[in-house]
Amino acid sequence: MPELPEVETVRRGLSPVMQGQRIVSAAVNRPNLRWPFPSGMAARLTGATVTALRRRSKYILADLSTGETLLIHLGMSGRMLVSGAMPGRFHHDHPAPQKHDHVVLDMDGGARITFNDARRFGAMDLMPTETADIHPLLAGLGPEPLGNGFSGDYLSDRLAGKLTPIKSALLDQRIVAGLGNIYVAEALFRAAISPRRLAGNLGSARIARLIPVIRDVLSEAIEAGGSSLRDYRQADGELGYFQHTFRVYDREGQPCPTPDCGAAIVRIVQSGRSTCYCPRCQR
DNA sequence: ATGGGGGCCTGCCGGC
DNA sequence: TGCCGGCAGGCCCCCA
């Protein structure tokens with residue numbers, strides 16, 4: 001579910017209650033999510049201090065004082081709930097355990113972090129920090145879309161000759177890491193590029209439009225998450241979901257937001273995923 | 001090599 | 001009201 005902006009929002013929400021703090025206890029309530037948890041995960045987490053909380057693509061990486069790094073992926077339905085002590089906030093009691101609370105971390109600052117994931121497409125793993133880059137889930141990832149490695153030259157190179165639709169190419173995490181179904185749709189709309197256009201057939205002008213538009217869409221969503229983060233923290237501590245207004249995603253049949261366009265947003269299916277777009281504005 | 005489809009899970013929503 | 005099919009923001013794996 002969460003794409004890069006949501007994961008970054010979760011990371012920022014966890015940072016004040018995890019970074020520099022020690023895990024005093026770890027409860028692991030089932031043997032696996034998408035894959036088995038690493039052996040002895042609870043014991044390997046207990047007593048460790050979180051020295052850094054990073055993000056790579058849609059993964060959160062918690063570096064530990066033990067020399068290991070905890071990898072967290074939220075999958076489609078993973079959520080992080082923060083309860084108990086939070087800096088600058090009133091302390092409150094922990095809520096009653098919920099269905100699908102799979103991993104619970106208690107920090108020495110008093111915060112409790114609960115990983116809840118109904119569909120269990122999420123994942124957790126532990127690895128030596130120095131080998132995090134070559135973890136199987138991270139090794140093949142393309143550049144961060146907000147980083148310098150994601151340029152017009154790079155993208156032209158990667159899309160050249162590709163016969164797959166640009167929509168599918170942008171979902172390919174080996175090409176660019178962190179985009180998902182929503183933000184690809186939003187970026188293609190803003191760049192006025194049809195999701196059906198073949199990736200190898202974009203041309204330099206469209207590629208040049210796409211780069212800043214992707215950055216804008218993600219940056220705006222992160223900002224929106226940052227503001228809603230405060231609300232969530234006041235409300236129930238739930239991280240990872242925030243309401244954001246989309247221009248085409250999930251707006252099938254509604255009018256295109258472009259002034260005077262008048263066309264209706266259309267939904268098609270590409271590689272098994274739904275795509276929403278304006279057939280008039282996007283070419 | 002590359003692209004497309006299946007599968008993993010549970011929850012929710014709309015239609016009958 | 002209840003049941004059922006379809007769908008969901010991800011990603012690995014297999015097959016052609």
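**Note on the DNA contacts and the sheet**

1. Start with Lys 162. One of its polar side-chain atoms sits 2.6 Å from a phosphate oxygen of DNA strand B. Bear in mind that this is a predicted model.

2. The backbone also takes part. A polar backbone atom of Leu 163 is 3.2 Å from a phosphate oxygen of DNA strand B.

3. Next, the surroundings. Residues around DNA strand B include Arg 34, Lys 99, His 100, Arg 119, Arg 120 and Phe 121. Thr 164, Pro 165 and Ser 271 are also among them. By class, the residues of this surface split into 5 charged, 4 nonpolar and 3 polar.

4. Which part of DNA strand B lies within 4 Å of the protein, sugar or phosphate, or bases? Of the atoms in that range, 62% are sugar or phosphate; the rest belong to bases.

5. Now the sheet. It is open and has 4 strands, ordered S2-S3-S4-S8, with antiparallel pairing. S2 (50–56) and S8 (123–128) are the edge strands, each pairing on one side only. On average, neighbouring strands are turned by 20° against each other, direction ignored.

6. Helix H1 (residues 4–18) packs on this sheet and touches S2 and S3. The direction of H1 makes about 175° with that of S2.

7. Inside the sheet, look at S3 (residues 59–64) and S4 (residues 68–73). These strands run antiparallel and are joined by 5 bridges. Ala 62 stands opposite Leu 70 in S4. In general, strands of a sheet pair through backbone hydrogen bonds.

Conventions: Residues numbered from 1 in each chain as written. Chains lettered and ligands numbered in written order. Predicted model: local features only at pLDDT ≥ 70, side-chain atom pairs only at ≥ 80, totals over all residues. Heavy atoms only, no water. Pairing = 2+ DSSP bridges. Helix = DSSP H or I, 4+ residues; strand = E, 2+ residues; numbered from the N terminus. Axes fitted to C-alpha atoms, helices over the stretch in contact; angles between N-to-C directions. Contact = heavy atoms within 4.5 Å. Near = heavy atom within 4 Å. Polar contact = N/O pair within 3.5 Å; in protein donor to acceptor, adjacent residues only side chain to side chain. Nonpolar A, V, L, I, M, F, W, Y, C, P; charged D, E, K, R; others polar.
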